[in-house]
Structure formats: structure tokens, C-alpha cells
Amino acid sequence: MNHNSNFSSKECGRGMSTAMVFILMFSVVSLFSDMTHESASSIRGAFLALLGASATVIGFVSGLGELVGYGMRYVFGRLTDRTHRYWPMIVVGYVLDIIAVPALALVGEHGWVAACALLIVQRMGKAIKKPAKDTVLSFAASQEGAGKSFAIQEMLDQIGAFLGPLLLYVIMLFKTDGSDYNRYTFCFAMLAIPGALTLVLLWLTRRRFPNPEKFEPTPTVMVPFKMKGRFVLYIAGISLCAFGFIDYSLVLMHVSRLHLFSVSTLPLLYAGAMLIDAFSALFFGYLFDRWKSLALVASTLLSCTYALFIFGISTQWAIVVGVALWGIGMGAQESILKAAVTTLVPKQSRATGYGVFECSFGIFWFLGSWLLGALYDYSLTAMIVVSIVAQLAAIPLYVLSHKRR
């Protein structure tokens with residue numbers, strides 16, 4: 001374990017390292033943050049439609065939001081590496097991300113343009129904070145193990161994603177008076193509570209750990225960021241994985257059309273996927289610390305057939321199995337994909353590395369979602385084949401990247 005003048009190896013004599021305390025505090029921030037915006041994600045499409053937005057507008061804005069949210073991470077990653085102002089980037093990003101959600105309660109009954117603008121603001125907030133956030137977590141992870149550290153963060157993150165839609169389900173169960181517009185705006189207003197807790201906990205974490213970069217010693221030789229062969233292979237692999245991974249909005253649309261589950265059950269199906277996501281992230285994170293990039297091979301082989309169960313077999317049990325496999329794939333993505341960057345990019349340019357990773361992942365996710373959505377209307381079989389083949393095609397690239405370690 002690395003030691004430095006600012007952080008002792010133990011916290012309050014309880015046997016827990018200071019780095020782990022930081023990881024846990026930041027993970028609880030992520031939990032309440034995900035309660036806020038994942039709750040909004042579970043009803044956002046229906047709310048925009050209620051305000052008057054067409055399906056084309058909803059699809060375009062959702063895709064644009066993801067493109068902005070991922071594509072701009074390279075820019076803010078480079079800016080973070082240049083300035084080393086980790087906390088200001090994190091705080092500004094969180095403020096935009098959190099405030100944009102309850103602000104949806106303020107839009108008018110026909111204010112779909114304002115609602116779409118707030119969606120873009122929320123994704124921009126994520127773009128600002130993510131490279132700096134992942135980088136400071138990677139500093140602490142250098143002491144605790146990258147796989148385990150990012151897995152713990154993702155597990156708590158997804159527990160928040162599970163509790164958020166569950167909270168809205170309960171709110172809407174009891175909030176029966178008023179129009180649908182009033183029910184939705186009441187839900188968004190209630191999300192100000194976990195949002196406020198996010199910002200308070202973020203302030204406490206920043207106050208307790210003002211210089212998280214000191215968890216990992218800075219190398220004496222400063223090496224500029226370069227796209228080395230091993231990193232290029234890895235980026236190509238995760239891009240193929242993102243291209244073939246079907247967005248949950250398409251999954252939800254398909255399941256709702258089958259009428260195998262009641263409308264009130266659909267949020268619970270998503271909540272279940274998030275819960276599986278949380279525990280699979282923890283499992284594969286620990287596996288990553290032992291197998292490194294080969295853990296990606298195992299997770300891909302296990303989860304890549306979810307499209308066959310969801311879109312190829314129209315039964316309740318197949319949908320449940322498919323959604324569970326989808327959750328496993330998401331959990332692996334959110335933990336070990338980020339953990340791998342820690343082992344591939346040196347400390348002084350890691351925010352840029354995370355920016356390149358997030359930007360490439362987001363662009364190919366957007367392109368893949370666009371193509372798979374078009375294939376859905378053309379041929380379900382073609383969509384299933386493209387999804388599975390693209391994910392399997394990433395495996396050789398993971399193996400080659402691992403061999404060049």
C-alpha cells in the first residue's frame with residue numbers, strides 16, 4: 001500500500017484504509033446521484049410524449065444527449081489533465097447533472113422544448129464530471145485494486161438506480177389525484193430530495209479529501225498521453241461491445257408491445273436489471289483484479305445472448321432471463337471497462353485516457369443504437385445477429401490487448 005503525508009493507511013483505527021473510505025464515500029454520492037437521474041430516466045420518455053414531443057424528437061434528443069454526454073468527455077478529460085483541477089470539474093458537473101432533473105417539474109404543460117433542453121444540460125453535466133470523477137477514483141484504486149474499487153462504486157451506483165425507479169413506483173401508486181402531467185411533475189419535484197443529498201455528501205467528501213491525487217504517487221518522469229497499441233486494441237474492443245449492446249429503451253418498448261407484463265410491472269423489471277447490474281459489477285470487478293482484461297472475455301461470453309432471449313423468444317421467462325443477462329453485461333461494462341483504463345494509462349494523463357474511452361464508447365453506442373433500432377423495424381433476426389456478433393468480435397481484441405501487457 002502506498003503512503004503519503006496527507007493520508008494515513010488506516011482510518012480511525014478501524015482497520016479500513018483511507019483510500020477505501022474515500023471510495024465508499026464517493027460511491028454513496030453516486031448512489032444518491034443515480035437515484036435522482038435514473039428515476040427520471042424511467043419516466044422521461046412518457047413525460048416528453050405527454051408534453052407534445054413526437055417519437056422522432058424523443059429518439060433524436062435522447063441520442064443527441066448520449067452523444068453530448070459521451071463525446072464531450074474527451075474535451076473535459078484533456079482539460080482536467082491540463083489543469084489538474086479535479087474537484088472543480090466534479091462539482092460543476094454534479095451541480096448541472098442534479099439540478100436539471102427536478103427542474104423538469106417547472107416546465108409547462110406544452111414545454112417539451114424546455115424539457116429537451118434540460119435533458120441536454122443533464123448529459124453535459126455528466127460529460128464534465130465523469131473523466132475527473134473516474135480519475136480520482138483510480139488514484140484511490142491504485143491502493144485497493146482497480147477491479148474491486150470500481151466494482152464497489154458501480155454496485156452502490158446501481159443500488160441507487162434500483163431504488164430510484166422503485167421510489168417513483170411507490171410515489172405514483174399513492175399519488176392518484178390530479179392529471180398525468182401533475183403526477184409526473186410531482187415525481188420530478190420529489191427527486192430534489194436525493195439530489196440535495198447528493199450535493200451535501202459531495203461537499204463532505206471534498207472537505208474530507210481535498211487532494212485525492214496524493215493516493216497515487218506521481219511518477220518522476222512525466223510521460224505525455226499516447227495512443228499505444230495495447231490501448232488502441234482495448235478501445236476498439238469496447239467500441240464493438242458498445243455498438244452491439246442494445247439500449248434498454250428499445251428493450252422496454254419491445255416488452256411493452258408483447259403485453260406479457262402489466263404496465264405497473266415494467267419499472268420493476270428495470271429495477272431488477274439494475275440490481276443484477278450491481279452484483280455482477282462486484283463479481284466481475286473482483287475477477288478483474290485476478291484475470292485483468294480476460295475478465296471482459298468471461299463477462300461478454302456470459303451476457304452476449306440476452307438479445308436472443310428478449311427479442312427471439314416471446315415468453316415471460318425468456319424476457320426475465322434476457323433482462324438478467326442484459327443487467328450482467330451492464331454491470332461488467334460499468335466496472336471492469338473503467339478499471340482497465342487504470343492499468344493502461346499513466347496517472348498524469350489518465351483523465352485524457354478516460355475521455356478517449358468514454359468518447360469512443362458513446363459514439364459507437366449511439367451508432368449501434370441507431371442501426372439496431374432501424375433493424376428492429378426491418379428484421380428482429382438481423383438485429384439479434386448484429387448484436388451478438390458485434391459483442392463476440394470484441395473478444396479477440398480484449399485477448400490481444402491482454403497479451404501485450
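Let's start with Ser303. Ser303 counts as buried, because its relative accessibility is 3%; buried means under 20% relative accessible area, exposed over 50%, and partly exposed in between, with a 1.4 Å probe and protein chains only. Ser303 sits in helix α12, residues 294–303. Helices here are DSSP runs of H or I with at least four residues, strands are runs of E with at least two, and both are numbered from the N terminus.

What does the side chain of Ser303 meet? One of its polar atoms lies 2.9 Å from the backbone oxygen of Ser299. Leaving aside neighbours within four places in sequence, Ser303 is in contact with Leu325, Ile328 and Gly329. Contact means heavy atoms within 4.5 Å.

A word on the source. This is a predicted model, with residues numbered from 1 along each chain as its sequence is written. Local features need pLDDT of at least 70 and side-chain atom pairs count only at 80 or more, while totals for chains, interfaces and linings use all residues; side-chain values use heavy atoms, without hydrogens and water.

How confident is the predictor? pLDDT is its confidence in each residue, from 0 to 100. The mean for the protein is 83, and 92% of residues reach 70 or more. Confidence is highest in α8, at 95, and lowest in helix α2, residues 55–71, at a mean of 74. Over residues 1–13, pLDDT stays under 50. The model still has 32 contacts there beyond four places in sequence. Where pLDDT is low, predicted coordinates should not be read in detail.

Now the rings. How many aromatic pairs does the structure hold? There are 18. Rings of Phe, Tyr and Trp (its six-membered ring) pair if their centres lie within 6.5 Å; planes under 30 degrees apart are stacked, over 60 edge-to-face, and the rest tilted.

Take Phe22 and Phe209. They pair edge-to-face, 5.1 Å centre to centre, with 70° between the planes. Phe22 is in helix α1, residues 18–51. Phe209 is in the loop between α8 (192–208) and α9 (229–244). That links parts of the chain 187 residues apart. Phe22 is buried, at 0% relative accessibility. Phe209 is buried too, at 0%.

Next, Phe311 and Tyr376. Their ring centres are 6.1 Å apart and their planes are at 75°, so this pair is edge-to-face. Phe311 lies in helix α13 (306–312) and Tyr376 in helix α15 (350–378), so the pair ties together parts 65 residues apart in sequence. Phe311 is buried, at 3%. Tyr376 is buried, at 10%.

There is also a cluster. Ring pairs link Tyr70, Phe245, Tyr306, Trp326, Phe357, Phe361 and Trp365.

Two charges lie over ring faces. Arg208 is over Phe209, 4.6 Å from the ring centre. Lys129 is over Tyr94, at 3.9 Å. The test is NZ of Lys or CZ of Arg within 6 Å of the ring centre and within 35 degrees of the ring normal.

On to helix α10, residues 248–258. Tyr248, Leu250, Val251, His254 and Val255 are buried there. They cover an arc of only 155° around the axis, so they are on the same side of α10. The arc is that of directions from the helix axis to the C-beta atoms. Just after α10, His259 takes a positive phi of about 60°.

Last, Phe60. Phe60 is in helix α2. Buried or exposed? Phe60 is exposed, with a relative accessible area of 57%.

Methods: pLDDT is the predictor's confidence in each residue, from 0 to 100. A polar contact is a pair of N or O atoms within 3.5 Å; within protein, one must be able to donate a hydrogen and the other to accept it, and residues adjacent in sequence count only if both atoms are side-chain atoms.
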